[in-house]
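Hi everyone, thanks for coming. Let me put the structure up, and then I'll walk you through a few spots.

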Amino acid sequence: MSLWSVEQDRSQKSSLPDTNVGERLRSRFGLGLRMKIPQRYFMVAMVFASTSICYLERVGFSIAYTAAAVSVHTDERTKGYILSAFFYGYVLSQIPGGWAAQRIGPRPVLLVSFLIWSLVCGLTPTADANSSSWAPYLLATARFTIGVAQGLVFPSIHTLLAQWVPPHQRSRAVSLTTSGMYLGAALGMLCVPPLLHRTRPRYVYIFLSSLGFVWSAVWFIFSSDPPRAERAKASSAGFGMPHEPTSGQHVLPMTALSKDTDGSNKQKSWTKRINRADTIPWRSIMSSLPVWAIVVNNFTFHYALYVLMNWLPTYFSEGLRVSLESLGMSKTVPYLNMFIFSNVGGVLADHLIVGRILSVSYTRKLLNTGGFVVAAMALFMMTGVRSSTGALLLSSICLGLCALARAGFAVNHMDIAPKYAGIVMGISNTADPRSWTMVFSTPAILCMISALIFVVFARGERIFD
């Protein structure tokens, strides 16, 4: 029997009492659920929901605040300060978020993140704030704080997925969880405007806050650290040398487990046991070319996404003389296309790797390069398009293929540094045009250059233990 077959057999036989969410729901709330829901699937579904809610909050606030700001005649400069305050906080907390997830554990960091931004969102003042001169400063402070809190999310998610998800499922798991960003953005564009027609922006903030609190409650009650059987799967052989725990150490910091009187495994607390002798190899990580290949491609992806999502409305209204209202539901197509292609990329990557069709390294490079090159071609073509249909089609192709590329660079953190995936993610996530040609050509050129850098320097095998 091959090593891979042994690993699959071990995965199928692993069933500890605390890995079945259906049984826990039945025992805790008396629900008649007979289905077996593996805890690993539940954890992935919850982090997918977390990214969806976070992006729903970002888009929802932007729409609600813009409507409120227009009603009180807020100047463009003030609006810019308030909307950009989120991103300043978001960038500042990326690397600390990765460090905290590594040292404390991703579960409590995610919980604290959601509790903070949900509370601040619910208390966020409206644009007028009873005509107080302090209103803009309060709004900017609130957005900065929410940015800091949400900046902890993605480094924690990558640390958690590295703990829970075996290598042969990581591509689809990462692609699914990150595709929640696009679904959340699409839901924000669909749900928030009708809600604004029926109520005030203040209640939109409260609605978004309540979503965060509901997620926090479910996460607090049902989330858990992986039992030892799951840890073995998360470092399965065949994807680089397995990093088996030695005495007093873990593959990643885990919650201490103790046997209860009924024989089941219970978490002692949210506090993680950590071998303090283990130091994070900051110098090696920061000087690693494969890490910088991820950083460059992550920057390019978000730059292209930022340009398209922020300039497309202006491009349609000023460049093509088409109002967004006239596009109806079709304006959400780019977001939905990203959701679809992100998951297609994840499934395709896992198929190529599990089927031994391509190595991890070649799989990442193929999807990353193919996605960025086609996206670059679509961006170059947009410089000459003169119809709303053509612009919508090309922008959808561009964003969809950029999402496909995430099955390359966005999963590569866990290939090369599964133990420090959150930290590498935090590093990579920290990372005025004169014409429409410059607007679309700049990210197109970046896509081409980044694809080349990833092909040359990226690796698929583990390089940090």
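This is a predicted model: local features need pLDDT of at least 70, side-chain atom pairs count only at pLDDT 80 or more; totals for chains, interfaces and linings use all residues.

Residues are numbered from 1 along each chain as its sequence is written, and side-chain values use heavy atoms, leaving out hydrogens and water.

So, how many salt bridges does a search of the whole structure find? There are four, counting a side-chain nitrogen of Lys or Arg within 4 Å of a carboxyl oxygen of Asp or Glu. One of them pairs Arg-143 with Glu-57, with the closest N and O atoms 2.7 Å apart. That pair links helix α7 to helix α3, 86 residues apart; helices here are DSSP runs (H or I, at least four residues), numbered from the N terminus. Both Arg-143 and Glu-57 are buried; buried means under 20% relative accessible area, exposed over 50%, partly exposed in between (1.4 Å probe, protein chains only).

Another bridge joins Arg-172 and Asp-350, also with closest N and O atoms 2.7 Å apart. Arg-172 sits in helix α9 and Asp-350 in helix α14, so the pair ties together parts 178 residues apart in sequence. Arg-172 is partly exposed at 37%, while Asp-350 is buried at 0%.

Now look at Asn-297 in helix α13. Asn-297 counts as buried, because its relative accessibility is 0%.

Finally, Leu-452 lies in helix α19, and at 56% relative accessibility Leu-452 counts as exposed.

How values were computed:
Helices (H or I, at least four residues) and strands (E, at least two) are DSSP runs, numbered from the N terminus.
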